Amino acid sequence: MRAVIQRVKSACVTVESKLVSEIDTGLLIFLGIAHDDTQAELDYIANKVANLRIFEDADGKMNCSLLDIGGSALVVSQFTLYGDCRKGRRPSFITAARPEVASELYEKFITTLEQLNVPTKGGTFQAMMDVQLINDGPVTILLDSDKQF
């Protein structure tokens with residue numbers, strides 16, 4: 001499982017010009033799910049997201065987590081995080097989970113964050129989405145459950 005996490009002042013998702021979800025201060029999470037991901041990978045990434053200390057404390061140091069600041073999460077499914085561009089010019093997505101598997105884990109990820117007391121919203125799985133955000137920092141973190149980065 002991979003996640004690109006962006007600290008935001010606000011973020012929203014629209015599909016066909018209709019607002020689907022929006023958050024204020026928190027994290028926009030682009031989530032990629034691999035074909036062999038399980039609940040263990042999901043739990044690892046969800047716990048990292050909820051507890052990453054990437055928000056500023058009173059002294060201006062990145063020392064607070066999403067839980068500490070009472071922020072929200074907006075999770076957007078993005079299979080292209082598993083695009084392999086090492087050969088040729090067109091990415092290969094063979095390691096990305098099939099939609100029926102990815103959809104279930106995506107929904108479980110949102111539920112898991114909510115169970116960790118993170119107010120969480122999602123995009124629309126398999127839809128063409130417009131994602132808008134106001135970056136805070138900018139702060140962007142990459143997570144990989146296989147700890148490749």
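## Salt bridges in a predicted model

D144 is buried, as is R2, where buried stands for under 20% relative accessible area, exposed for over 50% and partly exposed for what lies in between (1.4 Å probe, protein chains only). The model is predicted, so local features need pLDDT of at least 70 and side-chain atom pairs count only at pLDDT 80 or more, while totals for chains, interfaces and linings use all residues. Residues are numbered from 1 along each chain as its sequence is written, and side-chain values use heavy atoms, with hydrogens and water left out.

A salt bridge here is a side-chain nitrogen of Lys or Arg within 4 Å of a carboxyl oxygen of Asp or Glu. Counted this way, there are 5 salt bridges. Among them are the pairs tabulated here.

| Pair | N to O distance |
|---|---|
| D144 and R2 | 2.7 Å |
| K108 and E104 | 3.3 Å |
| E100 and R98 | 4.0 Å |

The salt bridge between D144 and R2 links distant parts of the chain: D144 belongs to strand β8 (residues 130-144) and R2 to strand β1 (residues 2-15), 142 residues apart. Helices (H or I, at least four residues) and strands (E, at least two) are DSSP runs, numbered from the N terminus.

K108 and E104 are both part of helix α3 (residues 99-115), where 4 residues, about one turn of the helix, separate them. K108 counts as partly exposed because its relative accessible area is 36%, and E104 is partly exposed at 47% relative accessibility.

In the pair of E100 and R98, E100 is exposed because its relative accessibility is 53%. R98 has a relative accessible area of 56%, so R98 is exposed.
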